[in-house]
Amino acid sequence: LLGLKVGRYVDERFDVEKSTRAAVKYLKKLYQMFGSWDLAIAAYNAGPGSVLERLKKLGRERFWDLTNLPEETLNYVPRFYAVLSVAKEYLESACPVKDRLVKVKVIGRASLYRISKKLGVSYKTLKYYNPHFRRKVILRKGTLYIPYSALTPKLKRISEKAEILVYIPRRKERTLHIARKFGIAVSLLKLYNRVGKFVRRGQSLI
């Protein structure tokens, strides 16, 4: 209902960005339904039907007046506010952001292990931050999340100025054609990938 793809190879409920956006969208919808963040958060956990049923049965309008909701839900709402308070305090403090996630777009079929070798990022790190790839393989297109601190110095420089993209050709291609396809200089493509006039099928390129 919220546009997340769930399949054999990809489960976007575990995609750190897409699942967060979906959660925000759902919470907004619940807030519009209940007119209260307490009730919206409770409905997020227990389901809107359960909350509506209790409100109707008790003739109440506040979450804190409800009874017989699952214990998990009764605990979920105060825990939600506790986490929110900690996050807000952190953001408002003078603490510097220690790390951030960098998005890497992948076009083509490749395993996470192979991509980790190309990017110089440990396979363990790539797996940990990308659980939405259920079989640890990208079939056609996908987005990987990598901590900035885990990137090589070369990729850190790229990520400050441009998008990082990994391309895996399905057939032999001319380097010139690939450069034109992505709007970059041939010399830059050769510099980062040490390739000649042609790129073979399945060869990973940054």
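Glycine 196 lies in the loop that joins helix 9 to strand 7 (198-199); helices (H or I, at least four residues) and strands (E, at least two) are DSSP runs, numbered from the N terminus. This glycine 196 is partly exposed, with a relative accessible area of 35%, where buried means under 20%, exposed over 50% and partly exposed in between (1.4 Å probe, protein chains only).

The model is predicted: local features need pLDDT of at least 70, side-chain atom pairs count only at pLDDT 80 or more, and totals for chains, interfaces and linings use all residues. Residues are numbered from 1 along each chain as its sequence is written, and side-chain values use heavy atoms, with hydrogens and water left out.

**Overall form**

- The protein contains nine helices and seven strands.
- Its radius of gyration, taken over C-alpha atoms, is 23 Å, well over the 17 Å given for 206 residues by the globule rule, so the protein is more spread out than a compact globule; the rule is 2.2 Å times the number of residues to the power 0.38.
- Along the principal axes, the C-alpha atoms fill a box of roughly 75 × 40 × 30 Å.
- Buried residues make up 33% of the 206 in the protein.

- An open sheet of three strands runs in the order 4-1-5, with mixed pairing; two strands pair if DSSP finds at least two bridges between them.
- Strand 4 and strand 5 are the edge strands, each pairing on one side only.
- From one strand to the next the twist averages 25°, with axes fitted to C-alpha atoms (for helices over the stretch in contact) and angles from 0 to 180 degrees between N-to-C directions.
- Strand 1 pairs with strand 4 in the antiparallel sense over seven bridges, and valine 102 stands opposite isoleucine 146 of strand 4.
- With strand 5, strand 1 pairs in the parallel sense over four bridges; here isoleucine 107 faces tyrosine 167.

**The pockets**

- The largest pocket holds about 430 Å³ of space. On a 1 Å grid over the protein atoms alone, a pocket is an open set of points where a 1.4 Å probe fits, with protein on both sides within 12 Å along at least five of seven lines; lining residues have an atom within 4 Å of a point. Points are joined across faces, edges and corners, and a volume is the space filled by probe spheres set on them.
- Its lining has 23 residues, and Glu12, Lys18, Lys141, Gly142 and Thr143 lie nearest the centre.
- Helix 1 (16-34), strand 1 (101-107), strand 3 (137-138) and strand 4 (141-147) each supply at least two lining residues.
- The second largest pocket has a volume of about 360 Å³.
- Sixteen residues line this second pocket, with Ile158, Glu163, Leu165, Ile184 and Ile206 closest to its centre.
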